[in-house]
Amino acid sequence: MTKVSSSIERPKARRQQIIDVAADLFAERGYHGVSITDIGSALGLSGPALYKHFASKDALLAEMLVGISERLLSEGEQRYRATVEHGPDATLSALVGWHIEFALNYPSLITVQFRDLANLNDTDRNKVRRLQRRYVERWVGVIVSAVPTDEDHARAAAHAVFALINSTPHSARLDREQMAALLHRMALAAIHSSGDPAPPGPRRTAVPPGETNDR
């Protein structure tokens, strides 16, 4: 790595470190319960030193939550492209696996995203929501291809599965591998059970061979 590239990477790494530490603190204490000084202390820095990287705590939260949504969408699209030629079941499994991976790797970010979106200004909140809608619609298209259902049911199923997987910060009771496998099975089962049920028909009772129950 050249000196120029190293000098570029160091600030990026520091910004990500600040985001990671702030996410843990926000998840633990809530956004309003954490100050810039608290974040700096956790990093061994003075609070004002953080202003070299972020103009304010609001700007830090915005980059954190916009970044989450961009990452989910970007990686989701990559996994879609990598598996689409193998059929909708493979693609659906890949999307489920990616969301589980993210939730297990970044439980604090999941918590902050759920709890503190309302603390963003209108511009940043709308940007997050646009990214989230694009992510959801990618899932909807894959679910409709994999399951006999319509877009409304597919969209509801996607949101339900997100809620299941995103509960990981509160529900993980197994080791990582076991928890990932359990969530994967449950998510796929939930999605497939969201398909259109068989139309109701006349109730029939078992009858001995040679007889009918037509009456």
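With a relative accessible area of 39%, Q78 is partly exposed; buried means under 20% relative accessible area, exposed over 50%, and partly exposed in between, with a 1.4 Å probe and protein chains only. The C-alpha atoms of Q78 and L95 are separated by 9.7 Å, and these residues are 17 residues apart along the chain.

S69 also lies in helix 3, which covers residues 57–83. S69 has a relative accessible area of 2% and is buried. Not counting residues up to four places away in sequence, S69 touches Q113, V128, L131 and Q132, a contact being heavy atoms within 4.5 Å.

## Basis of the model

Residues are numbered from 1 along each chain as its sequence is written, and side-chain values use heavy atoms, with hydrogens and water left out. Because this is a predicted model, local features need pLDDT of at least 70 and side-chain atom pairs count only at pLDDT 80 or more, whereas totals for chains, interfaces and linings use all residues.

## The chain as a whole

The chain has nine helices and zero strands. Buried residues make up 39% of its 215 residues. Among the contacts in the chain with a separation of 6 or more, 67% are accounted for by residues 24 or more positions apart.

## Helix 5 and its buried residues

Helix 5 is mostly covered, with seven of its ten residues buried. The buried residues are S108, L109, I110, T111, V112, Q113 and D116.

D116 is in helix 5, which spans residues 107–116, and D116 counts as buried at 4% relative accessibility. Its contacts, not counting residues up to four places away in sequence, are F26, Y31, L61 and L65. D116 and G30 are 86 residues apart in sequence but 8.0 Å apart in space, C-alpha to C-alpha. L109, likewise in helix 5, is buried with a relative accessible area of 9%. L109 touches A23, M64, I68 and F102, not counting residues up to four places away in sequence.

The axes of helix 4 (residues 88–105) and helix 5 come within 5 Å and cross at roughly 95°; axes are lines fitted to C-alpha atoms, for helices over the stretch in contact, and angles run from 0 to 180 degrees between N-to-C directions. Helix 4 is therefore roughly perpendicular to helix 5, since angles under 35 degrees count as roughly parallel, over 145 as roughly antiparallel, 65 to 115 as roughly perpendicular and the rest as oblique. F102, A103, L104 and N105 in helix 4 meet P107, L109 and I110 in helix 5. This contact comprises six nonpolar, one polar and no charged residues; Ala, Val, Leu, Ile, Met, Phe, Trp, Tyr, Cys and Pro count as nonpolar, Asp, Glu, Lys and Arg as charged, and the others, Gly among them, as polar.

Helix 4 also packs with helix 7, at an angle of about 35° and with the axes 9 Å apart. Helix 4 passes helix 7 in a right-handed crossing; a crossing is right-handed if the near helix is turned clockwise from the far one by less than a right angle, and left-handed if anticlockwise. V96, H99, I100 and A103 of helix 4 make the contact with F162, I165 and N166 of helix 7. By class, these residues divide into five nonpolar, two polar and no charged.

## Helix 6 against helix 7

The axes of helix 6 (residues 122–146) and helix 7 (residues 151–166) come within 9 Å and cross at roughly 120°. The two helices are therefore oblique to each other, and helix 6 passes helix 7 in a right-handed crossing.

From helix 6, the contact is made by Y135, V136, E137, W139, V140, I143 and V144, and from helix 7 by E151, A154, R155, A158, H159, V161 and F162. Ten of the contact residues are nonpolar, one is polar and three are charged.

## Annotated region

The unreviewed UniProt entry places the feature "DNA-binding region" at residues 35–54; UniProt positions are given in the numbering used here, feature names are shortened, and annotations may be inferred rather than shown by experiment. In the model, this span is 40% helix and 0% strand, and its end C-alpha atoms lie 13 Å apart.

Note on methods: Helix = DSSP H or I, 4+ residues; strand = E, 2+ residues; numbered from the N terminus.
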